[in-house]
Amino acid sequence: MPAELETAADPAGLKRVVIEPVSRVEGHGKVTILLDADDRVHQVRLHIVEFRGFEKFIQGRPYWEVPVLVQRLCGICPVSHHLAASKALDLVVGAKQLTPTAEKMRRLMHLGQILQSHALHFFHLASPDLLFGFDADAARRNVVHVAAVAPDVAKKGVLLRKYGQEIIRHTAGKRVHGTGSVPGGVNKNLSRAERVALLGEIDTVVGWSREAVGIVRKLFAEHAQFYEAFGRFASNRLSLVRADGALDLYHGGLRATDAAGNTLFDHADYQHYYELIHEEVKPWSYMKFPFLVAQGAEAGWYRVGPVARVAQCDFIPTELAEAERRAFLAFDDGAALDAPLGYHWARMIEMLHAAEGIKELLLDNDLSGGDLVVRGERGLRGVGVIEAPRGTLIHHYRINEDDQIVNANLIVSTTHNNQAMNTAVREVARRYLDGRNLTEGLLNHIEVAIRAFDPCLSCATHALGRMPLELELVDDGGTVVDRLARHV
Amino acid sequence: MTEPKKLKVATCSLAGCFGCHMSLLDIDEKLFELVKVVEFDRSPITDIKHCGPCDIGIVEGGVCNAENVHVLKEFRKNCRVLVATGACAITGGIPAWRNNVDLWDCFQEVYHYGIGLENGQIPNDPELPLPFDKVHPIGEVVRVDHFLPGCPPPADAIWKFLTDLAAGREPKLEYEMLHYD
Ligand code: SF4
């Protein structure tokens, strides 16, 4: 059973194999595998080895700095942090309802981000595995080689990402770490000239996104058995959905379902997320392990991100992506839903949705409106949740009367998938590595499973600690009298 | 005619956010021109896990733990020219804000007393590299040949810088390309 592979019964005397750094992912992670003399796998762990400390060091900063500050958590999905923080702080400035211009500018920025991030992940990072095979020559498993043998695929990938980045530049002011969103709204609109220029390319972008879905659909059809079985596991799911049940990446209520699709909760107000989701700490990773409170730590873990969203929503509100969603769900009676590689498929469906959504928005004159910011009654706390490219992203802030942040809690997308990724790599280890002589190609299987989730380990390192050794002197009443920590 | 030898370039992210790497990819289709003169060694976009002998090493992010030092020294040893890329590598950047806070309290807060935490404990596995009390600019640990400023440096600046080096010129950036934001 994969759950057993979390901790070896007797680690002493086992061989240790390490994959470090996990490559073609964003951020720092490593995998350790413990094997006995017969190469049987006893333990597999994906460790998050770094931390940053944003929650702590933003304390005392004025709240309006936060949307531009926290995106420095992650340069791959800075827009997600920019917007989640803005949404939380909308409540602080009393902006219950944004102006149509502000809301649509933010939505456009977000879809640009989904498009660029999904394109980046699929074409620049993951496609070499899928196109060349998991155990292809390591020197060739990269986008440069994709460009050499499938120049058309690589070119479209690069240009899709470019288009998403351009949407971000026009809405946020800058491709990486923009400044367009502020508490209560946005600080720029989109001129007609900008809209016309961006609209000029959108049909091509929609077309290419559709082709990209086709690439994954075809791979699944050709290698159905392998793709369905690779790292497969069943789990709960979590995502935002719109009030009518539609896929909505910018706003909604929380929906959770179990592996069989039964509703666990629906349209839950995320202002009280902490009543629904708790986090467990394990000594071997700086990334915590979230779970649904009602189900408990053992059974309550879940997956987030493209598969969870596409599976859980009642429909996708754009035509082409909705048709692809149906094909995805129908494939072999839903076999793609529990498959880690199904993430690639769902991710491309979302990319198509983003392209269609961008077109719809660019045609909307509200984007060129002049009413950018609203203010209302001041509040002292706010929670902002958004569906980032990799999954549900939670930002939670409390401020004081002097406008300073006093408290912050962030649960980033990749953290929600912590247990899911660990489970997937254990499944893969059990199936493909157990009892074998470990080759580079076999080890890449582990990374392929991790990559499917498009983990952003950069985001996931935001928690801060210090030297992890402590000594406490506790008196007989249980009170800590003194403590020592080893300093590096 | 034999093709001119390509420049070997390695890139890594230490205590950074990957934004500098994103800015490198923001050269967009010029990436295909770049790979005509440049070959990537260790980098988040390849599966090469250790840096071999290289012409240029591009380092994003400051140094926050022992593992960062290890990677950085490996880069310095193997790269003829080492480039501190972005605010974090040059000054420590935003991650270095943690240098102002009491780390003990931080750890307690994040892993013991956070909202909705269960089984609170401080991660202490030997697999986790030792974090430093402070985040350091890479120049405090190794010699740096060039500093490419910005958060992140604009894609045009990265392009100009790399193509200058590839052509054997001393890299020179216009004033407009030198800024933080
Ligand atoms: S300099 Fe800016 S973009 Fe580069 S790693 Fe640091 S925070 Fe990210």
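Two strands pair if DSSP finds at least two bridges between them. Strands here are DSSP runs of E with at least two residues, helices are runs of H or I with at least four, and both are numbered from the N terminus. With that in hand: strand β9 of chain A, residues 277-280, is joined to β6(B) by two bridges, and the strands run parallel. Within β6(B), Leu117(B) is the bridge partner of Glu279(A).

A word on the source. This is a predicted model, where local features need pLDDT of at least 70 and side-chain atom pairs count only at pLDDT 80 or more, while totals for chains, interfaces and linings use all residues. Residues are numbered from 1 along each chain as its sequence is written, chains are lettered from A in the order in which they are written, and side-chain values use heavy atoms, without hydrogens and water.

Now the interface. Contact means heavy atoms within 4.5 Å, and 63 residues of chain B are in contact with 86 residues of chain A. Buried area is the accessible area (1.4 Å probe) that two parts lose on being put together, summed over both. Between chain B and chain A that comes to about 6,700 Å², and carbon and sulfur atoms give 60% of it. Asp47(B), Trp104(B) and Glu127(B) supply 11% of the area that chain B buries against chain A, more than any other three residues.

Next, charges. There are 13 salt bridges between chain B and chain A, each a side-chain nitrogen of Lys or Arg within 4 Å of a carboxyl oxygen of Asp or Glu. Asp26(B) and Arg161(A) meet in a salt bridge through their side chains, at 3.0 Å from N to O.
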